[in-house]
Amino acid sequence: MITVDSVRSAVHDSFEGIVSDLVELVAIPSVSAASHDQAQVARSAEHVAALLRDSGLEAEVLTAPGPDGAPGRPAVLAHKEGPAGSPRVLLYSHHDVQPVGDPGKWQQADPFTAERRGDRLFGRGAADDGAGVISHVHSLRTLASLNDGQLPCSVTVYIEGEEEVGSPSFESFLTTYQDRLASDVIVVADSSNWKVGTPALTTSLRGVVQVDVRLDVLDHALHSGQYGGPVLDAVTSMARLIATLHDENGDVAVPGLVSEPTAAPDFPEYPEEAFRADAGVLDGVRLAGTGDLTARLWTKPTLTVIGMDVTPLDLAGNVLAPSCTARLSMRIAPGQDPATAAAALKQHLVDNAPFGARVTVSQGEEGPAFDGSSETPAGQAARWALTEAFGEDCVDIGQGGSIPFIATLQKTFPEAQVLVTGIEDPDTRAHSEDESMHLGDLEHIVTAEALLLARLGGAVAE
C-alpha cells in the first residue's frame, strides 16, 4: 500500500530531476502560432512522447484533421493499463506555448533558456503548460517507483499541441480517438492555484466571444484640415463606439448578458490590496465595475479591445482615416450561451454606430463557459490530495480566463467527472514576459497528482 509519506519523500528525492526535465522542455520553442516554426511543435511532441515512454507508458504522436481538413498540430497520446476494474483517468495538458512577446522585457537573454532565480524557474512555457506536462510525467513515475512499476488505475495521457491557438482540431481529435480517450475522471492541469502555497480546484470558468468590428465613414482618406469638422475620422468614431461598451462604473453595458454580481459563497475573498499587487495596478488607478471583486473576475462579463488597425505614428499624416477595425474579446459568465452573447454584442455595436457610421461585425472565436463542482467523488479525492500535498486546505475558485474545450470534453464524455487543477499562481505571468513557475508549488503539484491517482485506485493509506 502506498502512503502519503512515501509519495512525498519520493517526489522530494527526485525533484532536481523534475526541474531538469522542465528546463529541457522549456528549451524547445514550441510556439503553435502559424507565424512560427511548426517543426519545433513537432519536436516538442516527440520529446514529450519520449518522456512518457520513459515513464512506462505506450506513447505515440498523433494528429486529427482541423476544420479545413488539414492535419492539426501534433498531440501525444499515451496509455498504461491499471488493475482490472480500476477507474480510467485521463490526464490532459498541452505542450505548445505562446510567443515570447517583447524579448527586451524579459530579464533573461533567451526566454527559451530557463533560468532559476530564487524559488522560481523563468522561461516561456515554464508554467503554461510545461509544468502541467511535467507534473503528469513525474506523478506517474513516482507511482510506478513505489508500486513495482504498476499504476493504481488505468491512465491515458493526452498532451495537446494547439491549445494556445484555440484548439482547432480538438473536437476532431476526441472523435477520432474517442475509444482510447474514454475515462471516468478527467484531470485538466491548466489552471491556477489561489496563491503560492494554497492549492485550488477551478470550478468556474468564463466563456469567450471574439468579434472584429469595422467602422467606415468615408470612401477614401481626406485632408484633415480641409475636411475635418463635419466628419469625424474613423478612429475617433471607433473610440466613441468602444466607449459605449461600458457604463460610467466600468461595467459592461451590452444588454442581454448574464451577470452575477455576487460570487459563489464557497469562493474565497480577494482583498483589493492583494488584487492590486498581483495585477500590478498603478497607484491612483481605480478599479472598474461593481459587485464583489471575485464576481467581477469570474461571474460577470468583460469586454476588452485586444487589437486595432490604426495608422502607426511613424506613418502618420494629416488625414481623416476612412475606416478602422478593432478586435473585441468578450468573456461571458457561466450560464451564458455564447451564440446569444455574440448576437447581443453585434446588435449593440450596430445600434450605437456614431453619427450613422457603417458598422460591420465579423464573428471570431466562440467558446462556452464551465460551471463545475468539487462535490463529486473525484472532486473530494482531489481536495484531499491537494490538501495533503500542500499542507494547506484546498479551496474552490473561479477563473476569468476561458478553457472552451472543457465543454467539449463534457459533451463527448458526459459520465466523466472533470477536475480542473492549478499550475500557476498570481505571479506566474502566463502569456506575458517573465513567465515563471514557483518550484515549491511544482513539488506539491506532482505530489498531489500522484496522491490523487493512488486515491482513485484505492491504493493509498491515509
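Ala430 touches Asp128, Glu424 and Glu435, leaving out residues up to four places away in sequence. The model is predicted. Ala430 sits in the loop between strand S18 (417–424) and strand S19. From there, this briefing moves to a sheet, a serine and a helix pair.

- Is Ala430 buried, partly exposed or exposed? Its relative accessible area is 25%. Buried means under 20% and exposed means over 50%, with partly exposed in between. Ala430 is therefore partly exposed.
- Ala430 and Ile445 are 15 residues apart in sequence. In space, they are 17 Å apart, C-alpha to C-alpha.

**The three-stranded sheet**

- The strand order is S5-S6-S19. This sheet is open, and its pairing is antiparallel.
- Strands of a sheet pair through backbone hydrogen bonds, either parallel or antiparallel.
- Which strands lie at the edges? They are S5 (115–117) and S19 (436–438), because each of these pairs on one side only.
- On average, neighbouring strands in the sheet are turned by 25 degrees against each other, direction ignored.
- Strand S6 covers residues 120–122. Three bridges link S6 with S19, in the antiparallel sense.
- Leu121 has Met437 in S19 as its bridge partner.
- Helix H14 (residues 439–456) packs on this sheet. H14 touches S5, S6 and S19. The direction of H14 makes about 65 degrees with that of S19.

**Ser44 in helix H3**

- Ser44 belongs to helix H3, which spans residues 38–54.
- Is Ser44 buried or exposed? Its relative accessible area is 0%. The cut-off for buried is under 20%, so Ser44 is buried.
- Which residues does Ser44 contact, leaving aside its neighbours within four places in sequence? They are Leu25, Ile28, Ser30 and His95.
- With His95, the link is also polar: the two side chains make a polar contact at 2.9 Å.

**Helices H2 and H4**

- Helix H2 runs over residues 15–26, and helix H4 over residues 130–146. Their axes come within 10 Å.
- The axes cross at roughly 140 degrees.
- The crossing of H2 past H4 is right-handed.
- Which residues meet between H2 and H4? From H2 come Gly17, Ile18, Asp21, Leu22 and Leu25. From H4 come Gly130, Ala131, Val133, Ile134, His138 and Arg141.
- Leu25 links two topics: this H2 residue meets H4, and Leu25 is also in contact with Ser44.

Technical notes
Residues are numbered from 1 along each chain as its sequence is written. This is a predicted model: local features need pLDDT of at least 70, side-chain atom pairs count only at pLDDT 80 or more; totals for chains, interfaces and linings use all residues. Side-chain values use heavy atoms; hydrogens and water are left out. Two strands pair if DSSP finds at least two bridges between them. Helices (H or I, at least four residues) and strands (E, at least two) are DSSP runs, numbered from the N terminus. Axes are lines fitted to C-alpha atoms, for helices over the stretch in contact, and angles run from 0 to 180 degrees between N-to-C directions. Contact means heavy atoms within 4.5 Å. Buried means under 20% relative accessible area, exposed over 50%, partly exposed in between (1.4 Å probe, protein chains only). A polar contact is a pair of N or O atoms within 3.5 Å; within protein, one must be able to donate a hydrogen and the other to accept it, and residues adjacent in sequence count only if both atoms are side-chain atoms. A crossing is left-handed if the near helix is turned anticlockwise from the far one by less than a right angle, and right-handed if clockwise.
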